[in-house]
Amino acid sequence: MSERQLIKCGYLITMENAPGGISAGQILIEDGKIVHVAPQIDAADARVIDASDMIVMPGFVDTHRHTWQTCVRHRCADIHPPFAYFQEMMFKRGPRYRPEDVWIGNYLGALSAIDGGVTTMLDWSQIQNTPEHSDAAVDALQQSGIRAVFGHGWSLTEAGSRTPNSVRPHPADIARLRRERFSSDDSLLTLVMAGRGPEIASTETWQSDLKLARDLGIRSSIHMGAFAFNGAKRGIAEMNKYGMLGDDITFIHCNSSADDELQMIADNGVTVSLGVYVEMNSPGLGDIPLDRLLALGVRPSLSGDTETLGSADMFTQMRSALAYYRSYVGGGHSRAVNPPETITTRDVLQFATVEGARANGMLHKIGTIAPGKSADIIMIRLSEINLLPVIDPVAAVVIGCHPGNVDTVMVEGRILKKDGKLVGIDLADIRQRAHESQHYILAD
Ligand SMILES: [Zn+2]
């Protein structure tokens, strides 16, 4: 007997049609899949979820988060200069991580994401110090219940992994993970290569890494153009020169990438992830290229990046993108040719859902509420003191919401947060493990 759930929505934001597809409506879910969306559905046998006082919408999709760092969140809040983050996390703390530190960091980070309505997250995990570290990261994502894309990166303990012109190949363990833990592309957990690209690896190395990802049938996610010194390396142009750009690649940041390189992104169907808040909060990382991307027709996804110096929730990302754009472009600072004069709350909500799904290669499965898609759905209480009385549900979500307003979160029809509380977690145990791990990581 299949399990059927019927959600009776107050406001339904499907994100299916511009400008956001808002209506009252009902959603019928069968075995984790959306089977019907209509103003009224007759399904007497279904379990009814009364969301008459809720905004019902697709879960958020985060395309780049260094989840392993969650137990030292806020560590670099006032760190200066910005490169000190790399010194602190990549060179000082990262090498001492044990598998259990990766586990609790990822578990806590994934639960935080769910708590804030993120139903899919790309875990950008450059903490592959041993295969056990990778397995711990994957275990934690799995146990949280989130839909996760595990971005397999490199080791922080092997010399030469993250040095300019690195000749060390991407860790071969990625092939084992593909075989043993990610053999199905239909499961909740999928694999990408968290690659180094031309800014870090030598020409032969980044090319063979990318070829390995393609041989394994997985996407690649690569940091690109953060800070002027990286932009000067013209990594996108380098990849384009060899004809190796494609729609299986997501570039993160691109702040200092040149205009002609952004055109190469547009021409090759490459997707982009902007960690807007962290980009603003890292002096010198570079102007957010949202105006230059939109002028070329490239719509970015959004990402929480690192919680060591920013809040990772998607409300923060959406608000930051909106306010930055209006301040920067509205203030006459844009150097793009014909950028949109302004952007709207609907635009940033689309970045946080639809474009995230596209950048993770999953738009056929998630990112909107439509028949045939997975029931990755969130519900936001309208009766909250910081939201009522709602005029425009999209504006309320983007301008007014915080994670505490998220009442219900479901991934593939399975409820992970209900009545404002995460389901089936042992908070005392999590707290104790997180404290212990933080103490260990930060001990000098
Ligand atoms: Zn990053």
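Domain bounds, as used here, come from an automatic or database domain assignment. On this basis the chain is divided into domain 1 (4–58 + 377–411) and domain 2 (60–359). The structure is a predicted model, in which local features need pLDDT of at least 70 and side-chain atom pairs count only at pLDDT 80 or more, while totals for chains, interfaces and linings use all residues. Residues are numbered from 1 along each chain as its sequence is written.

The centres of domain 1 and domain 2, taken over C-alpha atoms, are separated by 29 Å. Contact between the domains involves 16 residues of domain 1 and 20 residues of domain 2, two residues being in contact if their C-beta atoms, placed from the backbone, lie within 7 Å. Helices (H or I, at least four residues) and strands (E, at least two) are DSSP runs, numbered from the N terminus. On the side of domain 1 that touches domain 2, α13 and β14 (406–411) each supply at least two residues. Helix α13 gives the most to this side, with five residues.

An open sheet of eight strands has the order β3-β2-β1-β4-β13-β14-β15-β16, and its pairing is mixed. Two strands are taken to pair if DSSP finds at least two bridges between them. Met57 stands opposite Ile378 in β13. Helix α13 (residues 393–400) packs on this sheet and touches β1 (4–13), β2 (22–30), β4 and β13. The direction of α13 makes about 70 degrees with that of β4; axes are lines fitted to C-alpha atoms, for helices over the stretch in contact, and angles run from 0 to 180 degrees between N-to-C directions.

Helix α13 also packs with helix α12 (residues 345–359), at an angle of about 70 degrees and with the axes 9 Å apart. Helix α12 is therefore roughly perpendicular to α13. Angles under 35 degrees count as roughly parallel, over 145 as roughly antiparallel, 65 to 115 as roughly perpendicular and the rest as oblique. In this packing, Thr345, Arg346, Val348 and Leu349 in α12 meet Val394, Ala395, Val397, Val398 and Ile399 in α13.

Strands β5 and β6 pair in the parallel sense over four bridges, and the bridge partner of Arg65 in β6 is Asp123. A residue is buried if 20 or more other C-beta atoms lie within 10 Å of its own, exposed if 12 or fewer, and partly exposed in between, with C-beta atoms placed from the backbone. Six of the six residues of β5 are buried, so this strand is largely enclosed by the rest of the structure. Four bridges also join strand β8 (residues 189–195) to strand β9 (residues 219–224), which run parallel; Val192 stands opposite Arg219 in β9.

In the loop between β12 and α11 (314–328) lies Asp313. This residue counts as buried because it has 24 C-beta neighbours inside 10 Å. Asp313 touches Gly116 and Pro403, not counting residues up to four places away in sequence. The C-alpha atoms of Asp313 and Asp62 are separated by 8.9 Å, although the two residues are 251 residues apart along the chain.

A nonpolar core is a set of buried Ala, Val, Leu, Ile, Met, Phe, Trp, Tyr and Cys residues joined through C-beta atoms within 7 Å. The largest such core has 120 residues, and those with the most contacts inside it are Ile55, Val56, Ala110, Phe251, Met318 and Ala321. Helix α2 (residues 99–115) contributes the largest share of this core, nine residues. The core draws at least three residues from each of domain 1 and domain 2. Ala321 touches Leu274, Val276, Leu290, Leu302, Val348 and Phe351, not counting residues up to four places away in sequence. In soluble globular proteins, nonpolar side chains tend to be buried together.
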